[in-house]
Amino acid sequence: MDLAPVVETLKATLSPQLRQQAEEKLSQICKSNGFIPCLVQIILSGQCDMGARQAGAIYLKNHINTYWSDYNELKGTTNSDVMTLVNAANVSKSAGDNSQKLFVISDPDKDYLRNVIIDAVIRTKDPLRCQLITTAGTMIKNDFPSKWPQFINQIHTCLSTDNIDACESALLIFYTLVQHYEYKKTEDRGSIDDVMLVVLPLLHQRFMQLFTHNDSDQSALIQKQILKIFHAYTQLHLSFRVLPTQTMSTWLETCCAMIERRLPDRINAIDEDDRPEQPWWKCKKWAFHILIRTFERHGAPANLPKGQSPERIEFANFYLKAFSAKVITLVFGILEAYRQKIYVSPRIVQLSLNYLRESVRHAFSWKIMQNNVVILIQDIIYPLLCINDDDIELFNDEPVEFVRARLDILDEYVSPVSAAELFLSEAVAKRKDVLMKTVSFLGTIIHNDTILPKQKDGVLHMLGVIGNVLIKKKAFTNQLENMIVQYLFPELQSPTAFLRARACYALRNFSKLEYTVSDNSVRCLTYLINCLCNDTSLPVKVEAAMALNLFMSDSDTGEKGKAIIIPHLQLIVMRIIEIIRQTEIDDVMIVLQKIVGLFDQELQPIAVQMTRQLVDFFKHVVCSENAPTDESKAEERTVAAMGVLNTLDTIVSCMGEKPELLAQIEQIIYEAILLVLHDGILDFYEEILTLIDTFTINTITPLMWQVFYLIKEAFFRDAADYFAEIMNCLHNYVVNDTPSFLSQPDRIETIFAMCKHVIVNDLGEDSEAHAAKLIEVIILQCQDNMNAALPAIVQLMAQRFQREILTSELRLMLLQVFIVILWLNPDRFFQTLNTVAANDPSTQSTIANFFNQWMTDCELFAGVHDRRICALGLCTLLRIDSKYYSAISNIVPKILPNCIHIYQGLIKTYQHNNEEDSDDATDDDDDSVPSEIDDGEDENIQHDDEFLRKLKGKVPDHEMTGDGLGDDNNADNDDDSDFDIDETDLESYSTVLEANEDIDEFQIFCESLQKLQLDTTGYNQALLQNLTVEQRTHVQNIIHYTEKRKQEKESNKLREAGGYNFSQAVTVGQPTNFNFGSSTNSSFQNPK
């Protein structure tokens, strides 16, 4: 392929005026054989324009990502990642279409790229190299090991050479392979384990050669990359086949050597702000990551989940005893250097404290470090928690950035200050005497007459960190109120702004304190309100708002607290909205949501004003011309905008009882709904749909019917993937304003078209189950108005059965649509089946098999609603007209056994729900303060692995055996212990079945049995002939439960009416037993 026109086309993509035409041309030639070799030549050519080379590298990356996999081999897959890639390739998928072949890169081009990609990475530098590495990662993900067996040999060759550039590039590519397996399960890691058996010894050898003989920056980059590879390989799984204890020990010793290593003198000549980015400091960082992860994941017996292999237990004991003292000594050496003002990168300080925090939890390591803890707290933790000059400058000059930095959720993972907070909190909570020694130290500082504002800030900071522990300790309970009054209250009025902010912060963890002097409680709230409403410093306002959030709750603030807040409430709300508009962060939004929830009545006068300001802010944030160029800030604004929508939802929920107010609010919020749905702003679809759901939860206004059509427009444009969220709204439209829904034929047509789109286009079985559920709701809600639509519905359900169904949830929902139609009108049901089968022969087998599938799946029905539908359908079969006997003759013996199973499940579900309703137990809120442990003990840790293992023992929805309570082999267990899991995700969508108390499936069952006793056709005998003695007993028990249930209902009605009529104590006409005797005149036969 000629390079010149491709080069010119690539250059044209860099011009806004020519880009579209150039991209169209590339999309035509990219499918030609030889295109990939052409691109590679351009990328590697030093003669070509750098812009064209970069464009070529990016195009190659995207081209490989889109067309490398052979999707023709994966048709019919439900893998979401694969479907995303197919959609990215703009491939039109249609059910059953096997004629369309999707473009895939040719085998010769693939072979060429496999052979040259590593060499291409070696020959290039960033930014070209990073694009090629990503390309290699895509190839590895798809081809390794089966289609690219030579990959490891190619990597091994590069690692074995003396060419340091080749080694570095090979490591960057190899890292993408390790990342591919990083989070895979142990059983799926066989290939990477085989590779590591060969490569890890070579990596260690190369590392030690460079570590000993080469202190260049490139050497450090290679050592860093080797450590990153080792960390990615071992952080979740430790293969003792690859890394037996001795080998692992060698690697850990290497990490210790890296941490201990003295850095080249030239590093100290670099500006301190630039030093953390130097590769030598990053080498130390990754060595620390390996040691910390090994310790917490593999190296402490107390951290191991139960049932671990002897190898893992042996290694944990080995690490704790062989490396605890060594690493802790190294850590204290680093922190001593930091204390002596010798430069240590902030990340290394943070990781050092993280290692010590983990050491606090284990008795063996605690004994090693405990004698140094007081010095650590005084000379390391306390100085870190004092505000520094840079922070003061940021506080004063850029308060918004200061607030953003303080509320950054990622700060915990990188900041030494956050690490110091976490260590201190852990130490005072877990180990005896640490709290007392910390408080004594703070006392000596605070009583110093020459204390500086920065030092006072550190004291307040530490008080805030340990506050939630202090408040739980009896030894300090009587002193806390005086301490707050003496040391915190004055600082809330300090002339130094950052001390006012810190005092507000410190008060957060004392929000649960019960003041003995009520005036102190009043003062506390008054000071915080003053800081929020009247302070001139933004950080002070933010900290005051965050503190108020913890002080405000129904139980803790009480009426007296509310009385203090209410006079200032409107000003508080307006100040919080101002903060939100200034900072564009979400954290303060939570405060506003709580205020709206607690003071909904008091906020009614300004509800419309609040809504107006929040909607205006939302519109400002999402407008494209206001979008920031910084990606992280853009994400923060998106989160803030989501918080606005959540707050608006809270306002709507709280103002629901004021229709005149809600109408004004609705009109304003409609602007946000219109903006998002009309313009297709996908980031906010979920929140907007939640808002619509809240607006339509009880009634549907004319404006919300306009929104119905906006939802339709968005769905068919780009919102089909949000169908589960959309369904909440559609359900409301159907059940809350059925007359209006039926008044316009296009509305029912719209919903059916949406459901059909979801089911026909394979949008995922969860969405399909929601679609089937919505159809069931509409049939139940509209009943006779649905007659004309039933053939299309049945045909759609039958056609879906013809394709593979992976989940029982979808299969059951499809069956329920058939069952509902049968229950409502058996004649119309059979007539519809015949019509559909005649008009669409492809559905005949599905329709013929419906009853067999239903009987087979009866044991999978779960929850109340689904069981009731099944029960009502089975009762319909019990009393079916004799003209339909031939259609169901094959399943007749299965009807009553399935009735028994369904009704037993319902009985247990009702009993379980009644027990939950009567359970008034409350949770004990301990604020998650860990328990103190003796110095010679390890912390008793709840393991994620063990928790997940326990969850695996629970039976998933719709996959239950027996009576829906789990494995019958566990008969000795309490049958009701985990019964709360026996419900379906779709139970929340109410129908007329739940609304109509006259529909009692138990009464209907008994009435059906009563009718059967009068049968003369032999149908009764066919139903009963295969019942065992035990099953007959179960039927009698169901009848007795029905009688008891009926009496309880009548008693409740009489009690509500004011008394009990003893003359009506005995009910008449309700069978209390069923005659299982055989008919002597049986004319019913089971046709073969």
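Helices α19 (399-406), α24 (497-507) and α26 (538-551) each supply at least two residues of the lining of the largest cavity; helices here are DSSP runs of H or I, at least four residues long, numbered from the N terminus. Welcome to a predicted model, in which local features need pLDDT of at least 70, side-chain atom pairs count only at pLDDT 80 or more, and totals for chains, interfaces and linings use all residues. Residues are numbered from 1 along each chain as its sequence is written, and side-chain values use heavy atoms, with hydrogens and water left out.

**The largest cavity**
- About 70 Å³ of space lies in this cavity, a volume being the space filled by probe spheres set on the grid points.
- A cavity is a set of points on a 1 Å grid over the protein atoms alone where a 1.4 Å probe fits but cannot get out, and lining residues have an atom within 4 Å of a point.
- The lining of the largest cavity consists of I387, F395, F402, R406, D457, F498, A501, R502, P539 and E543.
- Helix α24 gives the most to this lining, with three residues.

**Two packed helices**
- Helix α37 (residues 745-760) packs against helix α38 (residues 765-782) at an angle of about 150 degrees, with their axes 8 Å apart.
- The axes are lines fitted to C-alpha atoms over the stretch in contact, and angles run from 0 to 180 degrees between N-to-C directions.
- α37 and α38 are therefore roughly antiparallel to each other, a label for angles over 145 degrees.
- On the α37 side, the contact (heavy atoms within 4.5 Å) is made by I748, I751, C755, V758 and I759.
- On the α38 side, S767, E768, A771, L774, I775 and I778 take part.

Note on methods: Angles under 35 degrees count as roughly parallel, over 145 as roughly antiparallel, 65 to 115 as roughly perpendicular and the rest as oblique. On a 1 Å grid over the protein atoms alone, a cavity is a set of points where a 1.4 Å probe fits but cannot get out, and a pocket is an open set with protein on both sides within 12 Å along at least five of seven lines; lining residues have an atom within 4 Å of a point.
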